[in-house]
Amino acid sequence: MPSKRLWELLARKYNNELTAAEQEELEQLLREHRDVFELNETFSRLKDVPVQPLTTSADEERSRQAIAARLAAAQMGGSTSAQTESQDSRIVELSSARPKP
Amino acid sequence: MPTTPTEEDLLSLFRRLSTTSDQAALWQLHAHYFHRIYAYVLSIVPLKETAEEITNDIFVDIWQGRHLLANVSRPELYLLVCAKNKAIRYLKKKSLTFESLDEAMDIECVLEKDPYELLISSEMLKYINDAISALPPKCRMIFRLVKENNLKYREVAELLDISEKTVENQMAIALKKLSASIPFKLA
């Protein structure tokens with residue numbers, strides 16, 4: 001039965017977050033667990049299989065048109081962002097979204 | 001669907017937006033991120049139409065606050081944090097709350113079929129997709145965020161206000177459960 005540590009290392013490998021020492025540790029564990037060796041290969045291939053979007057190209061086009069209409073309205077001097085918020089509050093919101101360095 | 005842009009591509013789009021006000025850059029960003037931002041917003045605001053409107057608002061805000069993009073160093077995380085702030089702000093306006101990941105909507109995560117079966121066979125993919133759908137909701141959401149975006153575990157942790165170790169543990173659980181579903185003769 002593969003150890004908890006092996007799954008932790010595989011999870012880190014899956015996201016390219018292994019250090020050199022961890023890589024070595026994983027290789028050692030994989031040598032001890034030949035059954036997981038193939039699985040490791042499968043997970044590596046799985047990384048390149050994309051997730052199905054929850055939206056369709058029609059949804060994307062509808063969104064694009066809605067945004068374009070609002071940007072055009074803003075250029076003509078109208079209100080945007082569902083006509084609910086001021087420009088200032090949007091900028092505050094975007095500023096607060098900045099991830100910590 | 002366009003391929004996932006690298007962080008460099010995204011930084012370049014952000015620079016174009018902030019310095020040249022190039023609307024084509026906004027549409028490129030939209031093409032890459034509409035579906036991802038929508039999926040994340042939907043996990044917080046579980047109403048499809050509202051989630052789409054909030055997602056649209058985010059792109060309008062990005063355009064109107066484009067001068068702020070010049071100093072962004074982690075663009076993908078920035079977009080998702082914008083989405084989170086906007087969705088939570090919407091809930092607050094409706095006197096609703098979103099306290100933690102445990103309240104997130106149960107979002108599905110299905111991996112795309114590979115038409116040429118170069119990476120994974122259809123049979124194997126079916127086993128994997130069944131296993132993903134059987135993951136606990138929190139685990140599946142983290143798996144989707146990691147899989148769909150170029151985020152490091154510490155960035156997912158920052159986004160979800162949980163520890164990096166929790167993200168790592170949830171991914172370990174996901175991989176362990178997926179492995180249990182895969183018949184070795186197919187691997």
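Predicted model: local features only at pLDDT ≥ 70, side-chain atom pairs only at ≥ 80, totals over all residues.

1. To read the packing angle that follows, note that axes are lines fitted to C-alpha atoms, for helices over the stretch in contact, and that angles run from 0 to 180 degrees between N-to-C directions.

2. In chain A, helix α1 (residues 4-14) packs against helix α2 (residues 20-32) at an angle of about 125°, and their axes are 10 Å apart. An angle of 65 to 115 degrees would count as roughly perpendicular and one over 145 as roughly antiparallel, and α1(A) and α2(A) are therefore oblique to each other. The crossing of these two helices, α1(A) and α2(A), is left-handed.

3. Which residues make the contact of α1(A) with α2(A)? On the side of α1(A) they are Arg5(A), Leu6(A), Leu9(A), Arg12(A) and Lys13(A), while α2(A) contributes Glu22(A), Glu25(A), Leu26(A) and Leu29(A). Sorted by class, the contact of α1(A) with α2(A) comprises four nonpolar and five charged residues, with no polar residue.

4. Taken as a whole, chain A has five helices and zero strands, so that its elements, read from the N terminus on, run α-α-α-α-α. Of the 101 residues in chain A, 21% are buried.

5. The contact between the chains draws 45 residues from chain A and 53 residues from chain B. On the side of chain A that touches chain B, at least two residues each come from α1, α3 (34-46), α4 (57-75) and α5 (87-96) of chain A, and the largest share, eight residues, is supplied by α4(A). By class, the residues on this side of chain A are 21 nonpolar, 10 polar and 14 charged.

6. Chain B is divided by its domain assignment into domain 1 (7-93) and domain 2 (103-181), and the C-alpha centres of these two domains of chain B lie 23 Å apart. Where they meet, 13 residues of domain 1 of chain B are in contact with 10 residues of domain 2 of chain B.

7. Within chain B, helices α2 (23-44) and α4 (75-93) each provide at least two residues of the side of domain 1 that touches domain 2. That side of domain 1 of chain B is made up of seven nonpolar residues, one polar residue and five charged residues.

Note on methods:
Residues numbered from 1 in each chain as written. Chains lettered and ligands numbered in written order. Helix = DSSP H or I, 4+ residues; strand = E, 2+ residues; numbered from the N terminus. Parallel < 35°, antiparallel > 145°, perpendicular 65-115°, else oblique. Left-handed = near helix turned anticlockwise from the far one by under 90°. Contact = placed C-beta atoms within 7 Å. Nonpolar A, V, L, I, M, F, W, Y, C, P; charged D, E, K, R; others polar. Buried ≥ 20, exposed ≤ 12 C-beta atoms within 10 Å, placed from the backbone. Domains from an automatic or database assignment.
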